[in-house]
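Me: I have a structure open and would like to go through it with you. Could we begin with the charged side chains and then move on to the strands and the interior?

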Amino acid sequence: VQLQASGGGLVQTGGSLSLTCAASGRTLSAYTMGWFRQAPGKERELVAHIGKRIYYTDSVKGRFTISRDTAKNTVYLQMNSLKPEDTAVYYCAASPYYSGIYTELRKYDYWGQGTQVTVSS
């Protein structure tokens with residue numbers, strides 16, 4: 001399985017970006033797909049995931065929206081009202097667990113290469 005993340009870039013505070021994660025190698029419709037981020041000097045954290053349940057970390061609720069297109073084997077993260085603290089490398093990941101909430105990195109078997117998101121103040 002390969003996950004290809006794209007869509008990062010440089011944006012001003014209050015701007016928007018849309019991230020895309022395209023999967024290949026197998027169908028991931030029965031997987032929970034997540035977006036993680038890692039800022040310099042910080043641990044990688046789950047931003048949002050979509051499976052049977054949709055999860056958002058508190059800091060992005062109301063601003064970010066995760067969605068998926070199972071026909072295209074693709075997951076999206078629409079990020080609005082971006083803040084400097086959203087600056088990080090964003091990674092998509094796939095977990096074979098589906099029914100619950102999965103925030104731990106070890107629950108995810110497949111990872112994309114990361115895409116940089118920089119929000120200027």
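Reply: A search of the whole structure, which is a predicted model, finds five salt bridges.

Me: Which residue meets Glu-45 in a salt bridge?

Reply: The partner is Arg-37, and the N to O distance between the two side chains is 2.8 Å.

Me: What about Arg-37 and Asp-86?

Reply: They form a salt bridge as well, and their closest N and O atoms are 2.9 Å apart. Arg-37 belongs to strand β4 (residues 32-38), whereas Asp-86 sits in the loop between β8 (74-79) and β9 (88-95), so the pair ties together parts that are 49 residues apart in sequence. Asp-86 is buried, with a relative accessible area of 1%.

Me: Which residues make up the network of salt bridges?

Reply: The network links Arg-37, Glu-45, Arg-63 and Asp-86.

Me: And how does Lys-61 pair up?

Reply: The side chain of Lys-61 meets that of Asp-58 in a salt bridge, at 3.0 Å from N to O. Asp-58 counts as exposed, because its relative accessibility is 60% and exposed means over 50%.

Me: Changing topic: what is the strand order in the open sheet of four strands?

Reply: The order is β1-β3-β8-β7, and the pairing is antiparallel. At the edges stand β1 (2-6) and β7 (64-69); each has a single partner strand, so one side of each is left without a neighbour in the sheet. From one strand to the next, the twist averages 15°.

Me: How many bridges join β3 and β8?

Reply: Six bridges join them, in the antiparallel sense, and β3 covers residues 17-24. Within this part of the sheet, Ser-18 stands opposite Gln-78 in β8.

Me: Where is Thr-32 found, and is it buried or exposed?

Reply: Thr-32 is found in strand β4. Thr-32 counts as buried, because its relative accessibility is 0%.

Me: What does the side chain of Thr-32 reach?

Reply: The side chain of Thr-32 reaches the backbone oxygen of Tyr-97 at 2.7 Å. Leaving aside residues up to four places away in sequence, Thr-32 touches several others, including His-49, Gly-51, Ser-95, Tyr-102 and Tyr-108.

Me: What does Met-33 touch?

Reply: Among the residues that Met-33 touches are Leu-3, Cys-21, Leu-28, Ile-50, Ile-66 and Val-75, with residues up to four places away in sequence not counted.

Methods
Residues numbered from 1 in each chain as written. Predicted model: local features only at pLDDT ≥ 70, side-chain atom pairs only at ≥ 80, totals over all residues. Heavy atoms only, no water. Salt bridge = Lys/Arg side-chain N within 4 Å of Asp/Glu carboxyl O. Helix = DSSP H or I, 4+ residues; strand = E, 2+ residues; numbered from the N terminus. Buried < 20%, exposed > 50% of the residue type's maximum accessible area, 1.4 Å probe, protein only. Pairing = 2+ DSSP bridges. Axes fitted to C-alpha atoms, helices over the stretch in contact; angles between N-to-C directions. Polar contact = N/O pair within 3.5 Å; in protein donor to acceptor, adjacent residues only side chain to side chain. Contact = heavy atoms within 4.5 Å.
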